[in-house]
Amino acid sequence: MDYHRSFEEATARLKAEGRYRTFANLERDAGRFPMAQWRPAGAEDDPREVTVWCSNDYLGMGGHPDVIEASVSAARAHGAGAGGTRNISGTHNPIVELEAELADLHGKKAALAFTSGWISNLAAISTIAGLLPDCLILSDALNHNSMIEGVKRSGCEKRVWRHNDVDHLEALLAAEPIDRAKLILFESLYSMDGDIAPIAAIVALAEKYHALTYIDEVHAVGLYGPRGGGLSEREGLAGRIDVIEGTLAKGFGSLGGYIAASEAIVDAVRSFAPSFIFTSTLPPSVAASAAAAVRHLKRSSVERERHQHMAKLVKHALRAAGLPVMDNPSHIVPVFVGDARKCRAASEMLLERHAVYIQPINYPTVAKGTERLRVTPTPAHSEAQVAELVEALVDVWRALDLKFEEARVIPLFRANANEDAHCAYPEMKRAAE
């Protein structure tokens with residue numbers, strides 16, 4: 001058996017299909033986000049400055065002075081690591097304070113922090129469903145891989161309902177005994193297409209058919225709602241949802257994942273989930289930085305307002321240039337390519353020719369034939385950088401003979417004449433000038 005050949009052939013197939021993933025060596029500049037230093041392979045000692053247009057640090061909170069200071073202060077006070085799992089000396093005060101902030105954010109009695117959003121979904125879904133006798137899981141067809149893995153780990157029976165199709169969901173619910181345990185899984189905002197779930201309709205069905213609800217707010221926490229509690233908060237529905245799952249690595253600019261729910265649910269997950277029990281705790285510096293970001297965004301809407309402005313501006317500018325932006329009501333800006341090789345080529349050309357970094361999105365993240373570039377504007381991007389992005393994309397589209405659409409010029413609200421009013425901290429002020 002030639003073991004190495006098996007691995008080489010597997011990756012060779014990915015390369016042949018144009019789906020092989022390469023990692024750009026980037027050094028973020030906390031004081032100049034979204035600028036970064038790119039070190040190309042073979043030329044690591046000759047970095048180039050690039051503009052990042054695909055970061056999941058949606059609000060730039062990873063570079064906020066309060067967040068950085070919280071991280072540094074905690075590291076000085078408590079050291080680099082957590083010292084163990086939650087049960088073995090790892091329940092440090094910063095993680096306790098973080099969980100209290102998260103429970104308050106969502107109006108829940110308790111919260112539980114994990115090392116990532118992927119782990120929080122895997123642990124919570126598998127444990128909650130696994131503890132309910134004869135539980136039926138009803139999962140949206142486009143749920144994230146972490147949710148799917150949680151369903152698999154639970155060992156429970158499942159039904160997949162057509163994406164955002166509440167009629168199909170109701171048909172599946174109605175076919176089951178009213179007293180059977182049922183868990184409905186869905187995301188508030190689907191990050192590849194940017195569409196939003198019909199949360200109110202799903203919650204109403206759950207109440208009608210006596211089902212638990214589990215919402216993934218990973219791409220919405222920090223970004224939506226009066227205090228950054230996500231789309232469930234914006235819609236006034238958080239109190240009617242049983243489990244709210246989120247991440248600390250996107251809107252809050254740190255690292256980790258969490259659930260917020262009743263004390264009974266959180267205690268059950270804490271007590272029974274192996275991926276929580278046997279995993280070291282987030283370090284104090286990470287927990288402190290995340291808590292600082294959550295606290296800041298509870299009281300400040302400046303970042304959210306500027307973020308929404310920039311998302312609308314980017315969509316408007318790309319559509320006006322005839323670029324194929326996939327319509328959605330959120331901050332996600334997917335630009336359709338439809339071919340894996342050309343999608344990768346477009347990404348590489350943007351980086352090498354225009355110093356614009358946008359990672360290609362190919363299968364299995366999205367279905368084959370729907371490959372795209374996923375643009376994520378932030379409050380720190382400037383109007384001048386939007387113009388540069390449009391120029392770069394138009395050049396690449398022409399060079400690769402990609403399809404344009406008929407230019408669509410749509411009304412756009414005027415930017416505030418005093419852009420400084422949108423700026424919560426110096427880096428954002430610099431970017432808006």
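Predicted model: local features only at pLDDT ≥ 70, side-chain atom pairs only at ≥ 80, totals over all residues.
Strand E3 and strand E12 (residues 356-357) pair in the parallel sense, over 2 bridges; strands here are DSSP runs of E with at least two residues, helices are runs of H or I with at least four, and both are numbered from the N terminus. Two strands count as paired if DSSP finds at least two bridges between them. In this pairing, Thr51 has Val356 of E12 as its bridge partner. E3 (residues 48-52) is also joined to strand E2 (residues 35-38), this time antiparallel and by 4 bridges.

Residues are numbered from 1 along each chain as its sequence is written, and side-chain values use heavy atoms, leaving out hydrogens and water.

Now for the open sheet. It has 7 strands with mixed pairing, in the order E4-E10-E9-E8-E7-E5-E6. E4 (110-114) and E6 (157-161) stand at the edges with a single partner strand each, so one side of each has no neighbour in the sheet. On average, neighbouring strands are turned by 20 degrees against each other, direction ignored. Inside the sheet, E8 (residues 212-216) and E9 (residues 243-247) run parallel and are joined by 3 bridges, with Asp216 opposite Glu245 in E9.

Helices lie across this sheet too. Helix H4 (residues 93-106) lies across E4, E9 and E10 (257-261), at about 125 degrees to E4. Angles run from 0 to 180 degrees between N-to-C directions, using axes fitted to C-alpha atoms, for helices over the stretch in contact; contact means heavy atoms within 4.5 Å. Helix H6 (residues 145-154) lies across E5 (136-140), E6, E7 (182-187) and E8, at about 160 degrees to E7.

How do helices H2 and H12 meet? The axes of H2 (residues 65-78) and H12 (residues 284-299) come within 7 Å and cross at roughly 150 degrees. The two are therefore roughly antiparallel (over 145 degrees; under 35 is roughly parallel, 65 to 115 roughly perpendicular, the rest oblique). Residues making the contact include Ala70 and Ala74 of H2 and Ala288 and Ala292 of H12.

Finally, the whole structure holds 1 aromatic pair. Phe114 and Phe276 sit edge-to-face, 5.5 Å centre to centre with 70 degrees between the planes (ring centres of Phe, Tyr or Trp, its six-membered ring, must lie within 6.5 Å; planes over 60 degrees apart are edge-to-face, under 30 stacked, the rest tilted).
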